[in-house]
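Please examine the sequence and the structure shown below. The briefing that follows is grouped by topic.

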Amino acid sequence: MHYVSTRAAASAAASSSPQASAQSSAQPSARFSDILLGGLAPDGGLYLPAEYPQVSGAELDAWRKLSYADLAVAILSKFATDIPAADLQALARKTYTADVYRNAREGENAADITPLRVLEEGDGKKLVLQALSNGPTLAFKDMAMQLLGNLFEYTLAKQDAQLNIFGATSGDTGSAAEYAMRGKRGISVFMLSPHQKMSAFQTAQMFSLQDPNILNIAVEGVFDDCQDIVKAVSNDLAFKARHKIGTVNSINWARVVAQVVYYFRGYLAATASNDQKVSFTVPSGNFGNICAGHIARMMGLPIDQLVVATNENDVLNEFFTTGIYRVRKSAETYHTSSPSMDISKASNFERFIYDLVGRDPERVKALFTKVEADGGFDLSGGPNSDGDEFAKVAQYGFVSGKSTHADRVQTIRDVADDYGIVIDTHTADGIKVAKEHLKPGVTMIVLETALAAKFNETILEALGEDAERPAGFEDIESLPQKFTVMPPDVDKMKAYIAANTGL
Ligand SMILES: *Cc1c(COP(=O)(O)O)cnc(C)c1O
């Protein structure tokens with residue numbers, strides 16, 4: 001298995017001359033381990049496998065009996081062909097254990113890792129919730145990040161190398177990264193967050209970590225200031241190389257591929273035979289989670305529809321209903337009660353567009369250059385549009401819907417009344433939109449992306465009482481906290497990193 005960039009470096013002229021194309025095909029292509037520790041491809045594109053591995057019916061049948069960890073090995077070994085299967089197995093078995101995914105609730109079996117719960121069944125329609133949020137930080141980002149922590153440690157040990165992860169967070173990603181990397185050899189995490197802008201719960205989750213390799217930096221500013229600092233430091237290539245700086249953002253390919261596993265798991269747990277189809281509804285922001293669903297479908301998993309659920313930040317809903325992709329300015333981005341979906345552009349979307357335009361890297365490059373210059377592109381096929389591929393979106397199973405704060409509050413109430421469980425705000429967006437796409441004979445699986453305790457303010461508003469906290473989180477705000485407050489100053493940040501990397 002080798003990997004290509006969505007904007008492939010080969011020039012258009014190269015393919016017209018046999019000599020040049022021979023040269024370009026002789027270029028060493030990237031393997032899984034090569035792209036594991038990196039971010040964007042050198043040409044600014046995103047990595048994807050040169051072709052999607054296919055899964056046969058016989059394989060699917062065999063996979064029905066597997067534990068989550070062994071299913072992960074079966075799928076990952078199709079993508080990570082350069083890592084010995086025995087090593088992958090050891091890594092997956094260490095990652096996907098009932099001990100790590102211990103926040104399962106009543107009626108769930110922690111050993112299932114992503115347990116399913118039937119919410120509603122009748123008229124041939126079935127609505128099911130798949131819990132992806134039972135990991136250490138109570139959000140689905142643990143599903144991939146926990147594996148990444150173990151993969152990084154394994155790869156760095158082989159190369160006798162070190163990595164300093166440098167990122168910015170307004171919530172879920174930062175804590176998932178810290179819990180995945182804490183105590184890992186060869187890795188340090190420098191995580192910026194806006195000083196006193198996160199919820200007390202989220203702040204406590206991150207700042208209560210006392211591990212020496214986890215460095216929390218509270219920046220006196222807003223999230224955009226944090227991101228600007230990360231960009232400025234990352235643009236200093238010499239500094240980046242000297243201090244072995246890397247990222248773990250949502251475009252990381254290993255994160256996407258780890259997420260493919262739970263689509264297979266959800267399908268296998270919800271069906272009895274491969275003739276059955278399911279649909280998935282995914283609360284979406286950066287398109288990382290649902291991109292994994294697209295890949296599972298391209299591998300042959302019998303998925304009928306992939307339903308993109310957005311909040312008020314409806315960039316993706318707009319594309320999937322009109323064919324027009326129009327990114328927002330930061331001032332146009334709403335701060336909502338499902339904050340992990342508050343995005344102005346969807347960083348993984350380019351992966352789907354690459355497939356949609358027939359894997360034509362020149363088209364992808366032109367379209368995303370247009371995003372940078374003009375703020376978007378139009379594939380509706382209308383006058384002056386950039387193409388007519390929107391007509392093909394349905395072939396890929398994609399449909400969408402959006403949800404607002406009022407919908408979220410109402411859905412949290414309805415779900416508590418009708419099914420007796422308390423869901424978080426992002427999952428509420430998912431259920432609201434899923435109900436608009438139920439079909440007879442096709443089980444609808446909604447991905448639960450966080451536990452309610454993380455977003456208690458809205459639970460209180462909807463239900464008049466606090467969300468239940470999993471064991472061990474009762475008193476998290478009163479634990480001692482370790483963090484450094486810094487001004488939004490790039491030079492001071494570099495000095496801090498230099499002083500703390502020992503490199
Ligand atoms: C990150 C996140 C999302 C959005 O996922 P994407 O991969 O960015 O589409 C949804 N819900 C929760 C709780 C999250 O943390």
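Ser 234 is part of helix H9, which covers residues 223–235; helices (H or I, at least four residues) and strands (E, at least two) are DSSP runs, numbered from the N terminus. This is a predicted model, in which local features need pLDDT of at least 70 and side-chain atom pairs count only at pLDDT 80 or more, while totals for chains, interfaces and linings use all residues. Residues are numbered from 1 along each chain as its sequence is written, and side-chain values use heavy atoms, with hydrogens and water left out.

- From C-alpha to C-alpha, Ser 234 and Gly 167 are 9.8 Å apart in space, although 67 residues separate them in sequence.
- Asp 304 belongs to strand E10 (residues 303–310).
- Asp 304 counts as buried because its relative accessibility is 16%.
- Asp 304 and Gly 397 are 93 residues apart in sequence, yet their C-alpha atoms are 6.1 Å apart in space.

**The UniProt records**

- An unreviewed UniProt entry lists residues 114–350 as "domain: Tryptophan synthase beta chain-like PALP"; UniProt positions are given in the numbering used here, feature names are shortened, and annotations may be inferred rather than shown by experiment.
- Over residues 114–350, the chain is 40% helix and 22% strand, with 28 Å between the end C-alpha atoms.
- The unreviewed UniProt entry also places the feature "modified residue: N6-(pyridoxal phosphate)lysine" at Lys 141.
- Lys 141 lies in helix H6 (residues 141–159), and it counts as buried because its relative accessibility is 12%.

**The ligand and its surroundings**

- The ligand is surrounded by 15 residues, the closest being Lys 141, Asp 172, Gly 285, Asn 286 and Asn 289; a residue is near a molecule or strand if one of its heavy atoms lies within 4 Å of it.
- By class, the shell around the ligand contains five nonpolar, eight polar and two charged residues; Ala, Val, Leu, Ile, Met, Phe, Trp, Tyr, Cys and Pro count as nonpolar, Asp, Glu, Lys and Arg as charged, and the others, Gly among them, as polar.
- An oxygen atom of the ligand lies 2.8 Å from a backbone N or O atom of Gly 285.
- A polar backbone atom of Gly 288 is 3.2 Å from an oxygen atom of the ligand.
- An N or O atom in the side chain of Thr 449 is 2.9 Å from a nitrogen atom of the ligand.

**Strand E14**

- Strand E14 (residues 443–448) is largely enclosed by the rest of the structure, because six of its six residues are buried.
- Thr 443, Ile 445 and Leu 447 point one way from E14, while Met 444, Val 446 and Glu 448 point the other way.
- Strand E4 (residues 125–131) runs parallel to E14 and is joined to it by six bridges; two strands pair if DSSP finds at least two bridges between them.
- Leu 129 has Val 446 in E14 as its bridge partner.
- Strand E9 (residues 278–283) also pairs with E14 in the parallel sense, over four bridges, and Ser 279 stands opposite Met 444 in E14.

Notes:
A polar contact is a pair of N or O atoms within 3.5 Å; within protein, one must be able to donate a hydrogen and the other to accept it, and residues adjacent in sequence count only if both atoms are side-chain atoms. Buried means under 20% relative accessible area, exposed over 50%, partly exposed in between (1.4 Å probe, protein chains only).
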